[in-house]
Amino acid sequence: RMLTRQGHVVLEARHGGDALLLWEAHAGAVQVLVTDLRMPVIGGRELAARLRAARPTLPVVFLSGYADEAE
């Protein structure tokens, strides 16, 4: 909500698999990936690796409710 209020368009995915589908449909418009480290289907690290394989300069912000996962 905060990003939307600041004028950004936010594409929300329920899990990493859905995020890949959104990427395929909107890759040119995606400016940054904000992802949880722990998600069902495809985790945040794997998702970021896949998207950065397509666009190596894509900025990524990792979030997690689990401090021991933040490496």
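Ala, Val, Leu, Ile, Met, Phe, Trp, Tyr, Cys and Pro are here counted as nonpolar, Asp, Glu, Lys and Arg as charged, and the others, Gly among them, as polar. The structure to which this division is applied is a predicted model.

In that model, the largest pocket has a volume of about 890 Å³, and of the 26 residues that line this pocket, those closest to its centre are V10, L11, E12, V32 and V34. By class, the lining of the largest pocket comprises 18 nonpolar, 5 polar and 3 charged residues. At least two residues of this lining are supplied by each of the elements α1 (2–5), α2, β1 (33–36) and α3.

Two of these elements, α2 and α3, also pack against each other. Helix α2, which spans residues 16–26, meets helix α3, which spans residues 44–54, at an angle of about 15°, and the two axes lie 10 Å apart. Because angles under 35 degrees count as roughly parallel, α2 and α3 are therefore described as roughly parallel to each other, and their crossing is right-handed. On the side of α2 the contact is made by G16, A19, L20 and W23, and on the side of α3 by L47, R50, L51 and A54. Under the division set out above, the residues of this contact between α2 and α3 fall into 6 nonpolar, 1 polar and 1 charged.

Key:
Residues are numbered from 1 along each chain as its sequence is written. This is a predicted model: local features need pLDDT of at least 70, side-chain atom pairs count only at pLDDT 80 or more; totals for chains, interfaces and linings use all residues. Side-chain values use heavy atoms; hydrogens and water are left out. Axes are lines fitted to C-alpha atoms, for helices over the stretch in contact, and angles run from 0 to 180 degrees between N-to-C directions. Helices (H or I, at least four residues) and strands (E, at least two) are DSSP runs, numbered from the N terminus. Angles under 35 degrees count as roughly parallel, over 145 as roughly antiparallel, 65 to 115 as roughly perpendicular and the rest as oblique. A crossing is left-handed if the near helix is turned anticlockwise from the far one by less than a right angle, and right-handed if clockwise. Contact means heavy atoms within 4.5 Å. On a 1 Å grid over the protein atoms alone, a cavity is a set of points where a 1.4 Å probe fits but cannot get out, and a pocket is an open set with protein on both sides within 12 Å along at least five of seven lines; lining residues have an atom within 4 Å of a point. Grid points are joined across faces, edges and corners, and a volume is the space filled by probe spheres set on the points.
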